[in-house]
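Me: I would like to go through this structure with you. Could we begin with what a word used for residues is taken to mean, and then turn to the fold?

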Amino acid sequence: MRNNLQQVTMKPDADPAQIADMIRAQGIALFPGYFSAETVEKLNEEFDRFLNEAEARHDTALIKNDGGVVLPVVRNKMDIEHFPVTFEVFGQKMMSEVAMDYLGTPDIALNHQIYVNYFHGVAKPIQKLPFLAHFDKISTFKFFVYLTDTTEENGAMGIDPGSNIENCQIREKALAREGHTTLIPNVKENIQLTPVEGPAGTLFIFDTDASHGVGFVQEGHQRRIMRGHTRTIANLKLHGLQHQAI
Ligand SMILES: [Fe+2]
């Protein structure tokens, strides 16, 4: 499996402060095969249950878009007995410690939303956001889990390690100048993203200030991922997003 992200690859028992430092420097920390086969199997079962039940009840939160479906789940509203492994995986101590260190406060909403995301293959790359290289207008700290072996062919996320530092400055300056970030040009043209590849159970943690792009899933392939979105309470309030956490 190709992967030239050795510099950001960490041991599963790395110290939370070291993990946070890696993300400050590179925008990402990668843990190939972090979760056991048993956990991945259960996450896959819950993944199907999330999407099938949302479809059956015509859940308006279920977003159908180019090449797939996305269900944003508010972790505090989840049926914990129905989705115990998802709740445990995205509420674990390691994630909490890394997020608090990175965000510099205990006042955070850990994985307040969990995105359950299925993509099937399409004939040609989709030339629009979030597939284009970009940084997010609202900074988010994300915990990304691959539920199947994921390569460039089946939609590994792409990233430009280290670009978080410059992009953060652009975003922060716009926020200070205009009080919001809705107008900043956040598409990054002519940069080469590196696919974040990994076997089923791979975890990576990244700051959306790093330039990234949703991977293009080639025909005949599929992508199954879950990702948790973490923000400080202050950032949620600043952008009027408290409803995503309560
Ligand atoms: Fe994004």
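Reply: A residue is called buried if 20 or more other C-beta atoms lie within 10 Å of its own, and exposed if 12 or fewer do. The model is a predicted one.

Me: How much of the protein counts as buried, then?

Reply: Of its 246 residues, 39% count as buried.

Me: Which secondary structure elements are there, and how many?

Reply: The protein has six helices and ten strands. Its radius of gyration is 17 Å, close to the 18 Å given by the globule rule for 246 residues, so the protein is as compact as a globular protein of that length. The C-alpha trace spans about 45 × 40 × 40 Å along the principal axes.

Me: What share of the contacts joins residues at least 24 apart?

Reply: That share is 82%, among contacts between residues at least 6 apart in sequence.

Me: Let us turn to β8. Are its residues buried or exposed?

Reply: β8 is mostly covered, with five of its five residues buried. Leu-203, Ile-205 and Asp-207 point one way from the strand, while Phe-204 and Phe-206 point the other way.

Me: Which strands are joined to β8?

Reply: Strand β1, residues 28–31, is joined to β8 by four bridges and runs antiparallel to it. Strand β5, residues 141–146, is also antiparallel to β8, with five bridges between them.

Me: Which residues of β8 are the bridge partners of Ile-28 and Phe-141?

Reply: Ile-28 has Phe-206 as its bridge partner, and Phe-141 has Asp-207.

Me: Which residues have the most contacts inside the largest nonpolar core?

Reply: That core has 53 residues, and those with the most contacts inside it include Ile-28, Val-145, Leu-203, Phe-204 and Ile-205. In soluble globular proteins, nonpolar side chains tend to be buried together.

Me: What does Leu-203 touch?

Reply: Leaving aside residues up to four places away in sequence, Leu-203 touches Phe-31, Tyr-34, Phe-35, Phe-143, Phe-144 and Val-145.

Me: Now α5. How far does that helix reach?

Reply: α5 runs over residues 164–178, and its 15 residues reach 21 Å from first C-alpha to last, close to the 21 Å expected at 1.5 Å a residue.

Me: Which residues of α5 are buried, and where do they lie around the axis?

Reply: Asn-164, Asn-167 and Arg-171 are buried. They cover an arc of only 70° around the axis, which puts them on the same side of α5. On the other side, Gln-169, Lys-173, Ala-176 and Arg-177 are exposed.

Me: What covers the buried residues of α5?

Reply: The covering elements include β8, residues 203–207.

Me: And what follows the helix?

Reply: Gly-179 follows α5, and its phi is positive, near 80°.

Me: Further along, is Gln-192 buried or exposed?

Reply: Gln-192 lies in the loop between α5 and β7. It counts as exposed because it has 8 C-beta neighbours inside 10 Å. From Val-70 it is 122 residues apart in sequence and 26 Å apart in space, C-alpha to C-alpha.

Me: One last topic: what is the strand order in the open sheet of three strands?

Reply: The order is β7-β6-β9, with antiparallel pairing. β7 (194–195) and β9 (212–213) stand at the edges with a single partner strand each, so one side of each is left without a neighbour in the sheet. Two bridges pair β6, residues 158–159, with β9, and Gly-158 stands opposite Gly-213.

Definitions and conventions:
Residues are numbered from 1 along each chain as its sequence is written. The expected span of a helix is 1.5 Å times one less than its number of residues. The arc is that of the directions from the helix axis to the C-beta atoms. Two residues are in contact if their C-beta atoms, placed from the backbone, lie within 7 Å. Two strands pair if DSSP finds at least two bridges between them. A nonpolar core is a set of buried Ala, Val, Leu, Ile, Met, Phe, Trp, Tyr and Cys residues joined through C-beta atoms within 7 Å. The radius of gyration is taken over C-alpha atoms; the globule rule is 2.2 Å times the number of residues to the power 0.38.
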